[in-house]
Amino acid sequence: MESFLHGIASVTIILMLTATGWFCGAKGWMNAQSKAFISKFLLSMAVPCMCIYGLRSNLTREMLASSPAMVAAPFLCNALNFTCAFGLSKLLCLPRRQSGVFVVMCGLSNAMFIGYAMCTELFGSECAPYVILYYLASTCFTQTIAMWLIRRSADNEGGGAAQALKFLRSPTVIGLVVGFTLVLLDVTPPSFVMSYLRYMNNVVSPLALLLTGYIIYEMGWDKLRLNRTLAVMMAFRFLFAPGVYTLLCAVFGIGGLARSTFIVEASMPVVTQTVVAAAQYGADEQLAAEGAALTTLASFLVIPVLMLLL
């Protein structure tokens with residue numbers, strides 16, 4: 001019961017911050033330009049700094065060497081989720097414009113904008129290395145397989161190997177590489193650099209939740225319609241995906257904080273980049289927007305229940 005009440009309190013805080021973003025949108029204080037700035041600032045500056053700070057502050061070379069399974073598990077789980085979701089899309093006989101969007105919504109969770117905030121609120125800053133390990137795998141799948149599937153849904157070409165590997169030049173991946181390098185070399189930046197990284201780390205959660213709230217406002221309540229496709233996707237996202245992580249954590253012997261963090265991350269809503277990519281490439285943007293909004297709202301009910309089971 002204590003875990004359940006803690007989950008309720010944590011979700012309430014996250015919900016209040018998300019509602020603040022919605023309120024700012026409704027009042028006209030946030031607009032498309034604000035959304036573009038916050039998104040660019042987070043992904044290009046704040047999140048890379050968070051990756052460096054979180055890895056160097058909470059992860060050690062000995063921890064990586066002693067448990068390579070923690071690095072491999074998120075990649076394997078994402079691969080299993082994508083494979084099962086692809087098979088499910090064939091069983092549902094989805095139209096081409098929806099199939100790739102459906103697979104991506106099932107296979108990937110919002111590991112950073114909502115997942116990081118939720119995990120740090122539930123477990124404290126000690127969970128940061130495990131969030132980043134999860135996010136590393138999620139980013140790789142998002143920028144390669146996910147983008148290819150969405151382009152394919154829109155009757156576009158996959159974009160070639162050069163386009164698929166474009167994620168290697170992204171600031172987030174560069175931040176991950178720098179952070180892992182510092183951990184492996186056991187090098188700590190000067191104190192003033194670490195202080196700067198800490199301040200940047202601290203702005204990620206509130207800004208990301210404000211952005212999430214604005215995105216929900218931008219989508220509009222009138223667009224939220226629960227149909228068969230979305231119902232199956234939500235069951236996959238909130239039941240099957242965390243179930244896969246629970247099973248693989250047991251197989252790999254991953255327990256404690258790492259296990260809890262991975263399972264909570266796997267239970268997060270649809271990654272918002274699905275909506276952006278669907279609109280950009282001409283896939284079913286409406287399905288992506290509805291899925292992102294519905295799973296974001298549903299997660300506030302799912303997490304307290306999940307805390308009872310962890």
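How many cavities of 30 Å³ or more does the count come to? The count comes to 1 cavity. Keep in mind that this is a predicted model.

The largest cavity has a volume of about 40 Å³. Which residues line the largest cavity? They are Thr212, Ile215, Ile216, Met219, Thr272, Ala292, Ala293 and Thr296. Two elements, α10 (191–219) and α14 (285–309), each give two or more residues to this lining. The largest share comes from α10, with 4 residues.

Next, look for charged pairs. The structure holds 2 salt bridges. One of them joins Lys35 to Glu218. Their closest N and O atoms are 2.7 Å apart. Find Lys35 in helix α2 (residues 32–58) and Glu218 in helix α10. These parts are 183 residues apart in sequence, so the pair ties together stretches from separate places along the chain. Lys35 stands at 25% relative accessibility, so it counts as partly exposed. Glu218 is also partly exposed, at 37%.

Another salt bridge links Arg56 with Asp186. Here the closest N and O atoms are 3.0 Å apart. Arg56 lies in helix α2, while Asp186 lies in the loop between α9 (171–185) and α10. The two parts are 130 residues apart in sequence, and the pair ties them together. Check the accessibility of both partners. Arg56 is buried, with a relative accessible area of 12%. Asp186 is partly exposed, at 49%. That value is not over 50%, so Asp186 does not count as exposed.

Stay with helix α9 for a moment. Pro171 has its place in this helix. It is partly exposed, with a relative accessible area of 32%. What does Pro171 contact, once its neighbours within four places in sequence are left aside? It is in contact with Leu43, Ser44 and Pro48. Now compare Pro171 with Cys49. The two residues are 122 residues apart along the chain. Their C-alpha atoms are separated by 9.4 Å.

Move on to a pocket. About 170 Å³ of space lies in the second largest pocket. Its lining includes Tyr53, Gly54 and Asn58. Tyr116, Thr120, Ser125 and Ala128 also belong to the lining of this pocket, as do Asn201, Asn202 and Ser205. Which elements give two or more residues to this lining? They are α2, α6 (115–123) and α10. The lining of the second largest pocket divides into 3 nonpolar and 7 polar residues, with no charged residue.

Finish at Asn78. Where is Asn78 found? It is in helix α4 (residues 69–91). Asn78 has a relative accessible area of 1%, so it is buried. Its contacts, with neighbours within four places in sequence left aside, are Gly107, Leu108, Ala137, Ser138, Phe141 and Tyr245.

Terms used: Residues are numbered from 1 along each chain as its sequence is written. This is a predicted model: local features need pLDDT of at least 70, side-chain atom pairs count only at pLDDT 80 or more; totals for chains, interfaces and linings use all residues. Side-chain values use heavy atoms; hydrogens and water are left out. On a 1 Å grid over the protein atoms alone, a cavity is a set of points where a 1.4 Å probe fits but cannot get out, and a pocket is an open set with protein on both sides within 12 Å along at least five of seven lines; lining residues have an atom within 4 Å of a point. Grid points are joined across faces, edges and corners, and a volume is the space filled by probe spheres set on the points. A salt bridge is a side-chain nitrogen of Lys or Arg within 4 Å of a carboxyl oxygen of Asp or Glu. Buried means under 20% relative accessible area, exposed over 50%, partly exposed in between (1.4 Å probe, protein chains only). Contact means heavy atoms within 4.5 Å. Ala, Val, Leu, Ile, Met, Phe, Trp, Tyr, Cys and Pro count as nonpolar, Asp, Glu, Lys and Arg as charged, and the others, Gly among them, as polar.
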